[in-house]
Amino acid sequence: MSEDKRPKVIVIAGRTASGKTARAVDLARSLSGEIVNADSMQVYRGMDIGTAKPTHKEQRGIPHHLLDVVNPDEDFNAAIYRRMALPIVTEICSTGKTCLVVGGTGLYIRGLIGGLMDSPPSDPELRERLRMECEIHGTAKLHEKLE
């Protein structure tokens with residue numbers, strides 16, 4: 001049987017404002033850890049209200065990763081999250097620190113822990129063509145075309 005070489009992490013998941021951050025900060029302080037955000041809204045700059053994004057005071061000196069990493073008008077998805085998070089998790093673990101993945105976006109957590117299938121690249125021209133077609137002919141016509 002081969003040994004699993006994946007980094008070991010602690011995952012704290014749950015709904016918004018359920019106490020995940022406080023629990024994670026306490027654990028990180030006691031275990032010499034760092035926190036990797038796994039919330040799909042907290043990655044966006046300026047989206048502080050309604051996301052329970054931890055303030056600097058709430059972070060209590062514990063390094064938090066993947067907060068405020070993209071603008072709201074930028075593309076971001078679970079695959080991009082995984083590409084950004086994986087090296088951070090690996091780095092934290094390689095230094096002997098405890099890595100805590102904390103958030104409420106299950107798809108991000110599952111993608112980080114278990115991996116994701118590669119998604120096909122998006123086609124902005126096709127998207128715009130279909131949007132215009134929908135605007136002109138309505139959604140029923142697009143549904144018919146899809147069938």
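Arg45 is partly exposed, with a relative accessible area of 36%, and in this predicted model its side chain meets that of Glu74 in a salt bridge, with 3.7 Å from N to O. This pairing is one of the 9 salt bridges that the structure holds. Side chains of opposite charge can pair when their charged atoms come close.

**Salt bridges between distant parts of the chain**

- Arg45 lies in the loop between strand S2 (33–37) and H2, while Glu74 lies in the loop between S3 and H3, so that the pair links parts of the chain 29 residues apart; Glu74 is partly exposed, with a relative accessible area of 35%.
- Asp26 forms a salt bridge with Arg60, and their closest N and O atoms are 2.9 Å apart.
- Asp26 belongs to helix H1 (residues 20–31), whereas Arg60 sits in the loop between helix H2 (56–59) and strand S3 (64–65), 34 residues apart.

- Glu144 and Lys141 both lie in helix H6 (residues 139–146), 3 residues apart, about one turn of the helix, and the closest N and O atoms of their salt bridge are 3.9 Å apart.
- Glu144 counts as exposed because its relative accessibility is 51%, and exposed means over 50%, whereas Lys141 is partly exposed at 42%.

**Nonpolar cores**

- The largest nonpolar core has 18 residues, of which Val36, Phe76, Tyr81 and Val101 touch the most other members.
- Helix H3 (78–94), strand S4 (98–103) and helix H4 (106–114) each supply at least two residues of this core, and the largest share, 6 residues, comes from H3.
- Apart from this core lies another, of 8 residues, including Ile12, Val25, Ile35 and Val102.

Conventions: Residues are numbered from 1 along each chain as its sequence is written. This is a predicted model: local features need pLDDT of at least 70, side-chain atom pairs count only at pLDDT 80 or more; totals for chains, interfaces and linings use all residues. Side-chain values use heavy atoms; hydrogens and water are left out. A nonpolar core is a set of buried Ala, Val, Leu, Ile, Met, Phe, Trp, Tyr and Cys residues joined through side-chain atoms within 4.5 Å. Buried means under 20% relative accessible area, exposed over 50%, partly exposed in between (1.4 Å probe, protein chains only). Helices (H or I, at least four residues) and strands (E, at least two) are DSSP runs, numbered from the N terminus. A salt bridge is a side-chain nitrogen of Lys or Arg within 4 Å of a carboxyl oxygen of Asp or Glu.
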